[in-house]
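User: I would like to go through this model by question and answer. Please show the sequence and structure to begin.

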Amino acid sequence: MIPCIFMLLAFFFRSRTAAFLSVLAMSTVLFIKTANVIIFQQMYSIVCYGTCKILLAHADHHSLKILIGPFYYIWISGGIILVLYLICCASVIAVKNIRRKMNESVLNGIRVALLLILLISIGANAKYTRECYDEYGKYHFKSEYVARPAFTFGVDLLHERKKEAAKIYREKQFGFFPEELPESSRILLSNWGLLHPQKSYPVMEKPFTKIVVIALESMDLANIHAYNPAIPRDVTPNLDKLSGSYLSFRNYFTASQPTSWGLNAMFLSRVDYEADLNLDTVSVYDLLQEQGYQGYYLSPVNGMFADNRVIYEKQFRPQHVLFLEELNRMFGIQAGEIWGISDDDMYKAALNIIQQMNPDEKFFMTVSTIDTHPPYNVSGPLKTQLHHASPFLNSVRCADQNLQDFLDQLMQTSAFDDQMLIIITADHSATHGENYNRRVDFAPDRIPLIFITRNNWFASAFPFDTDKLCSQIDLPVTLLNLLGIQAPPTFMGDNLLTKKSFAFTKSPQTLTLLLPENREISWSFAQDRSNATLEEAAVYDFYDRFYGFDDSAVDSQESTSLF
């Protein structure tokens, strides 16, 4: 809209300054829109003030210093200034050429066209603003996401059309391909325990009717003093106590990461989030909601971030998907500085929802947190009482206390009875930042898994081996089996009570099978199967049972149907 206004001023008043500003603004807009097209298609995000601030907070300054030199910020700033200078030069040249070559009739035509574009733009923005106001309320307009470019809606529509066009093909691709395995792979997978045929499993006589899952952000076991003495004792006193007092697993790995990938493993018992977007799968929400449970997912971030609202509603399918916008509208909660709602406010919202439920209502609720994500936020009663120099340690300390305060309040309600299960875990292991394990990539590692019940009756009722190797894909199978529900064939995990000791995980380019006695077998997606060992091939064949479809066939089918 701004470039159009400058152009109108330039044409109507023949102003060189307005002409220059219009071309400069249009060049900038075109640059940003081009970047948005690329970024949105790859990451479902946009170039705006908020994303730039997040990018700055996540920049690996140490690596930049090594790659570019100690004065890397000067070189980067110089590069930005050079780009702006070139845009200005191009704008000046464009203005000179336009004024020299265009006659009055052409200019009048352009004026009319620009006026129409301006009116259409004003109308479109007004309509979009009104719709956002109706759906999300006033708070939505404090966010840069109001500036979400219009082309994203076109991309959304195209994506839906492509999925519809490929539906006939994808009906066969339901996330499990039980083709006969090579004999060598079948033997190895059976010995390891990854091939788990129908078998009996313990079922609760009086099943849980209220299940609350707390997915702490980027919470390694290595962030907890009880598992890592390098963490000061006063940072995680409550998690230390919870780990020692309740049923707590010591070799529970994230199956995939970052956040959406980890949630995908928790809800779908599958390791490849991106591939699952093109498959017809089943989530734990689907199965519990069929049994009369109300499904809730609470997220502290804006629903438009990474297009999570659209994806989670289609992929995980909880009945109630509550992002920052809904929680603000329901409880007046405000977002923090960078990411979203702080942990203490997330717990207040969850407690409020639980207290408003009918006493006999069955529910499955997941609450995600955000404070312990770099650049690390602090909230709650300890916010003004921190003495560590490390923002990371201060953030974990506050997160630890906020969690305990929530548990104390929840345990005082009538909802906390023998049929309530509280699960403390993480969305994934730490991937970057000051995490006391020096991990710099997306290699999965251990995360908490704590089962909390009244009087800890659950720990004595079922003989869990808490040292057993396992991962996030095993949690949904275990929950369903305990409730007497058979896990579907699309689930990759197994029951924690009956499975062998192994953990199957995926990083962006690698599959890893962790076995007892510190054995580790990996498969790289860049690897040629013909050069793989029998064990490596078996690991890939297990993955291939759940993702073994021809991507090119889907692409071909979509292209043929669309054009």
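Predicted model: local features only at pLDDT ≥ 70, side-chain atom pairs only at ≥ 80, totals over all residues.

Analyst: Residues are numbered from 1 along each chain as its sequence is written, and side-chain values use heavy atoms, with hydrogens and water left out.

User: How many helices and strands does the secondary structure of the protein come to?

Analyst: Helices (H or I, at least four residues) and strands (E, at least two) are DSSP runs, numbered from the N terminus. Counted that way, the protein has 21 helices and 12 strands.

User: What percentage of the residues in the protein is buried?

Analyst: Buried means under 20% relative accessible area, exposed over 50%, and partly exposed in between, with a 1.4 Å probe and protein chains only. Of the 563 residues in the protein, the buried share is 50%.

User: Is Q289 buried or exposed?

Analyst: Q289 is part of helix 13, which covers residues 284–290. Its relative accessible area is 18%. Because that value is under 20%, Q289 counts as buried.

User: Which residues is Q289 in contact with, leaving aside neighbours within four places in sequence?

Analyst: Contact means heavy atoms within 4.5 Å. The side chain of Q289 also reaches the backbone nitrogen of Q319 at 2.8 Å. With neighbours within four places set aside, the contacts of Q289 are G295, R317, P318 and Q319.

User: What is the phi of R317?

Analyst: R317 sits in the loop between helix 14 (308–315) and strand 5 (320–322). At a relative accessible area of 23%, R317 is partly exposed. Most residues other than glycine have a negative phi. R317 is not glycine, yet its phi is positive, near 65°.

User: Where is N455 found, and what is its relative accessibility?

Analyst: N455 is another residue other than glycine with a positive phi, near 60°. Its place is the loop between strand 8 (449–452) and helix 18 (457–461). N455 counts as exposed because its relative accessibility is 70%.

User: Which residues does the cis peptide bond with omega of about 15° join?

Analyst: Most peptide bonds are trans. P258 lies in the loop between strand 3 (252–253) and helix 11 (259–268). The cis bond, with omega about 15°, joins Q257 and P258.

Technical notes: Polar contact = N/O pair within 3.5 Å; in protein donor to acceptor, adjacent residues only side chain to side chain.
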